[in-house]
Every structure is written in C-alpha cells, then in structure tokens.
Amino acid sequence: MTYAWEAAAEAQIRAAVERGEFDNLPGAGRPIPGRDLPYDEQWWIKGLLEREKIPTEALLPTPLLLRRRVERLPDEVRELPTEAAVRACAQELNTQIVAWLRTPTGPRVVVRPVDVDAVVRQWRAARSGPVPAGDPPAAAAVRPTRRRRWWRRTPRP
C-alpha cells in the first residue's frame with residue numbers, strides 16, 4: 001500500500017518537473033541556509049524571532065520583564081518633560097507590579113513596587129546637576145533591597 005502512495009507522489013513530481021513548475025524558484029542554485037550548522041532543537045523559534053524582528057526579551061516571564069523595567073526606569077524617565085509624567089510612568093509600572101503580585105505566574109522572582117518619590121528625586125537631580133549631600137542616592141531607592149534570611153546568616157560547618 002505504501003508503495004502505491006510513493007509511486008503516485010513520484011509520478012506527480014516527475015510530471016511537475018516536465019511542465020517546468022520547479023524552474024526559476026527563489027533560491028535556486030544557492031545552498032540551503034544553515035545546512036552546515038549543528039542541529040538546534042529550537043531552530044524554528046530563533047528563525048521566527050529573526051524573521052519577524054521580535055525582541056528576545058518578549059520570551060521572558062513576567063517577573064523578569066518587570067525586574068528589567070525597574071532597572072531601566074531611571075533611563076525611561078530621564079527624557080520625560082514634567083514631574084507629573086515621571087510620576088505617571090512610575091505609578092504605571094507599580095500598577096503592573098501589583099497586578100502581577102496579586103496573581104503571580106512564572107518563576108519566583110522578588111519584584112517590589114518602586115518608590116515614586118525616589119524616582120522623582122532622581123529625575124530632578126539628573127536635570128539640575130549634582131545631588132545635595134544630605135539626599136541619599138535615588139538609584140538605591142529604585143532598586144529593590146535584598147533581605148538576608150536568618151538561615152543564610154548562620155555559618156556553615
């Protein structure tokens with residue numbers, strides 16, 4: 001039975017070649033791209049990302065995307081014209097973080113809301129010049145602090 005299917009397929013291919021349907025195809029005479037590369041199980045994902053120009057960041061889980069946005073927030077707000085726009089940007093990020101904290105998905109990654117006032121102080125300092133001596137650096141307030149656990153404080157034998 002399989003031989004009949006193979007024979008029918010071969011006959012259709014032979015007839016198409018005789019009609020010239022395989023002449024002048026795009027890529028004719030050129031090597032197949034990626035033929036010399038080792039096999040990669042995710043070749044189709046990489047090809048899709050490259051072909052559609054999708055940033056690889058889009059594949060990250062939500063908590064990692066949020067952490068990345070928290071890290072990039074000072075750069076995001078640097079060019080904003082008003083304090084209200086800076087506050088709105090930081091509060092919008094906090095809204096996304098709180099929404100994720102209510103129904104967390106993905107890996108367990110610590111993501112805390114940012115201090116809006118610290119972001120505004122940092123924005124003002126970047127626009128005016130040097131930071132006054134009494135103010136703590138705002139970048140430290142934007143980054144989440146790491147809490148040490150009691151079991152990590154105890155020395156190991």
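Which residues are linked in a network of salt bridges? They are Glu83, Arg87, Asp117 and Arg124. The model discussed here is predicted.

## Salt bridges

The count of salt bridges comes to 11. Glu57 takes part in a salt bridge with Arg68, with the closest N and O atoms 3.1 Å apart. Glu57 sits in the loop between helix H2 (43–52) and H3, and Arg68 sits in helix H3, so this pair ties together parts that are 11 residues apart in sequence. Glu57 also meets Arg72 through their side chains, at 3.0 Å from N to O. Arg72 lies in helix H3 and Glu57 in the loop between H2 and H3, so here the parts tied together are 15 residues apart in sequence.

How exposed are these side chains? Glu57 has 26% relative accessibility and counts as partly exposed. Arg68 is partly exposed, at 32%. Arg72 is partly exposed too, at 39%.

Asp75 and Arg78 form another salt bridge, their closest N and O atoms being 2.8 Å apart. Both residues lie in helix H3, three residues apart, about one turn of the helix. Asp75 is partly exposed, with a relative accessible area of 46%. For Arg78 the value is 43%, again partly exposed.

## H3 against H4

Helix H3 packs on H4 at an angle of about 170°, with the axes 11 Å apart. Because of that angle, H3 is roughly antiparallel to H4. From H3, the contact uses Thr62, Pro63, Leu66, Arg69, Val70, Leu73, Glu76 and Val77. From H4, it uses Val86, Cys89, Ala90, Glu92, Leu93, Gln96, Ile97 and Trp100. By class, the residues divide into 11 nonpolar, two polar and three charged.

## H3 against H5

Helix H3 (residues 62–78) also packs with helix H5 (residues 116–128). The angle is about 50° and the axes are 10 Å apart. That makes H3 oblique to H5. The crossing is right-handed.

On the H3 side, the contact is made by Leu73, Pro74, Val77 and Arg78. On the H5 side, Val119, Gln122, Trp123 and Arg127 make it. This contact has five nonpolar, one polar and two charged residues.

## Asn94 in H4

Is Asn94 buried or exposed? Its relative accessibility is 12%, so Asn94 counts as buried. Asn94 is placed in helix H4 (residues 83–102). Leaving aside neighbours within four places in sequence, Asn94 is in contact with Pro113, Val114 and Val116.

How values were computed. Residues numbered from 1 in each chain as written. Predicted model: local features only at pLDDT ≥ 70, side-chain atom pairs only at ≥ 80, totals over all residues. Heavy atoms only, no water. Axes fitted to C-alpha atoms, helices over the stretch in contact; angles between N-to-C directions. Helix = DSSP H or I, 4+ residues; strand = E, 2+ residues; numbered from the N terminus. Parallel < 35°, antiparallel > 145°, perpendicular 65-115°, else oblique. Left-handed = near helix turned anticlockwise from the far one by under 90°. Contact = heavy atoms within 4.5 Å. Nonpolar A, V, L, I, M, F, W, Y, C, P; charged D, E, K, R; others polar. Buried < 20%, exposed > 50% of the residue type's maximum accessible area, 1.4 Å probe, protein only. Salt bridge = Lys/Arg side-chain N within 4 Å of Asp/Glu carboxyl O.
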